[in-house]
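Q: I'd like to learn how to read a fold from its strands and helices. Can we walk through one together?

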Amino acid sequence: MTFDRAPAVEERRAGPLIVTEDVELLDDLLRLCAAAGAEPEVHHSVPERKGSWEDAPMVLVGDDAAARCRGAARRRGVMLVGRDQDDPAVWRRAVEVGADCVLRLPDAESWLVDRIADAVEGVGRQALTVGVIGGRGGAGASTLACALAVTAAREGRRTMLIDGDPLGGGLDVLLGGEQTEGRRWPDFAASRGRVAGGALEESLPRLHQLRVLSWDRGDSVMVRPEAMRSVLAAARRRGGTVVVDLPRRVDEAVAEALAQLDVGLLVVPAELRAVAAAGRVASMVSMVLPDLRAVVRGPYAAGLDEQWIADALRLPLAGELPLEPGLSRAQDGGEPPGFHRRGPLASFCTAFWERALAGQESVPS
């Protein structure tokens, strides 16, 4: 799998072209565009400016404007929009303007929001999405998740780090950015509809060249499964890399996150009790995520090595995560995990991403 490098300057695609004089219909279409994170161009008839009709990512023609759009250049992405569910002449008007489909509001609102967002954001390669899960409490999953994100961003990859564990204290704290302005999970927790990828990315705190969706320090909130699905889908549409720090339990929201991962990394300390606990976690996670791999963290108990642990868990071995002296002290000083390019943690992450960039469709072992 390949990655998209983050552009030096974010390019915005033009919004849809709306053609209507119906004030109520226009209000509805503007509301739907806003929900999709799009800024439309509005006209009462086919625009006189060359290219406006032809180059718009999509064209929404109101029923009232169909006659005024006859003779416009034929193109894909034209939709005839209205409210009258029983108008027998609507299909004739659709043919006259070369519409791909006929939409009736409010029934088609959710579908139309998705199509507007697709048209504006473009359809590219989705992000490689990696989930990190601890085999037991204190295994170091959050540390590895942050280090993977910091390392990917440092190499110029568009990177988003998503904190999927509401009881973990907040990844923005681990990155030294708890005071940084931006939206947190409580702003999205009740979301039901589509989240625009560009709007999501721009709204989040920017720390160490990456975007972070974390928790605030308020009361714990419940993330709806629909919200987890929408947010992760939006993050993946932006391309590059997405890293998700996940709890050891599997509820409905976590299951939604697992379903969108390309690969999961189970962090297992090299001790027998941790291996036993990790086995239970692996059995739950593997029911949803088919590609789960073991990352073994030293120091090792007597008689154990990384391959024995991976074999005991019946998981492929993603690698050995060595100890990094002074990591806690560095974090207290404001340095995130993976900050030191030549440190053991950053070296592990760099090797992981290099294998992911080897031109294969999945992350190799």
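Q: Which strands and helix do the buried residues of H11 pack against?
A: Keep in mind that this is a predicted model. The buried residues of H11 pack against strand S11 (263–269), helix H10 (272–285), strand S12 (292–297) and strand S13 (317–321).

Q: Which residues of helix H11 are buried?
A: Helix H11 covers residues 306–313, and Ile309, Ala310 and Leu313 are buried there. Looking down the axis of H11, you find its buried residues within an arc of 100°, so they line one face of the helix.

Q: What should I look for at the two ends of H11?
A: At the start, a side-chain oxygen of Asp305 comes to within 3.2 Å of the backbone nitrogen of Gln307. Just after H11, Arg314 has a positive phi of about 60°.

Q: How do H10 and H11 cross, right-handed or left-handed?
A: Their crossing is right-handed. The two axes come within 10 Å and cross at roughly 35°. As for side-by-side residues, Leu272, Val275, Ala278 and Gly279 from H10 meet Trp308, Ile309, Ala312 and Leu313 from H11.

Q: And what lies in the loop between H10 and S12?
A: Asp291 is in that loop. Call a residue buried when its relative accessibility is under 20%; Asp291 has 18%, so Asp291 counts as buried. Its side chain makes a polar contact with the side chain of Arg293, at 2.7 Å. If you leave aside neighbours within four places in sequence, Asp291 is in contact with Asp262, Val263 and Gly264.

Q: Let's move to sheets. What is the order of the strands in the sheet of 8 strands?
A: The general idea comes first: strands of a sheet pair through backbone hydrogen bonds, in either a parallel or an antiparallel way. Here the open sheet of 8 strands reads S8-S9-S7-S10-S6-S11-S12-S13, and its pairing is mixed. Strand S8 (206–207) and S13 stand at the edges with a single partner strand each, so one side of each has no neighbour in the sheet.

Q: How many residues of strand S7 are buried?
A: S7 spans residues 159–163 and is mostly covered, with 5 of its 5 residues buried. In a regular strand the side chains alternate between the two faces of the sheet. In S7, Thr159, Leu161 and Asp163 point one way while Met160 and Ile162 point the other way, and all are buried.

Q: Which strands does S7 pair with, and over how many bridges?
A: On strand S10 (residues 241–246), 5 bridges join S7 in parallel, and Ile162 stands opposite Val244 there. S7 also pairs with strand S9 (residues 210–213) in the parallel sense, over 3 bridges, and the bridge partner of Leu161 in S9 is Val212.

Q: What about S6 and S10: how many bridges do they share?
A: Strand S6 (residues 128–134) and S10 pair in the parallel sense over 6 bridges. Val130 stands opposite Val243 in S10.

Q: Which strands does helix H13 lie across?
A: Helix H13 (residues 344–356) lies across S6, S10, S11, S12 and S13, and runs at about 160° to S13.

Q: Where is Gly239, and is it buried or exposed?
A: Gly239 sits in the loop between helix H8 (225–237) and S10. At 2% relative accessibility, Gly239 counts as buried.

Notes
Residues numbered from 1 in each chain as written. Predicted model: local features only at pLDDT ≥ 70, side-chain atom pairs only at ≥ 80, totals over all residues. Heavy atoms only, no water. Buried < 20%, exposed > 50% of the residue type's maximum accessible area, 1.4 Å probe, protein only. Helix = DSSP H or I, 4+ residues; strand = E, 2+ residues; numbered from the N terminus. Arc of directions from axis to C-beta. Contact = heavy atoms within 4.5 Å. Polar contact = N/O pair within 3.5 Å; in protein donor to acceptor, adjacent residues only side chain to side chain. Pairing = 2+ DSSP bridges. Axes fitted to C-alpha atoms, helices over the stretch in contact; angles between N-to-C directions. Left-handed = near helix turned anticlockwise from the far one by under 90°.
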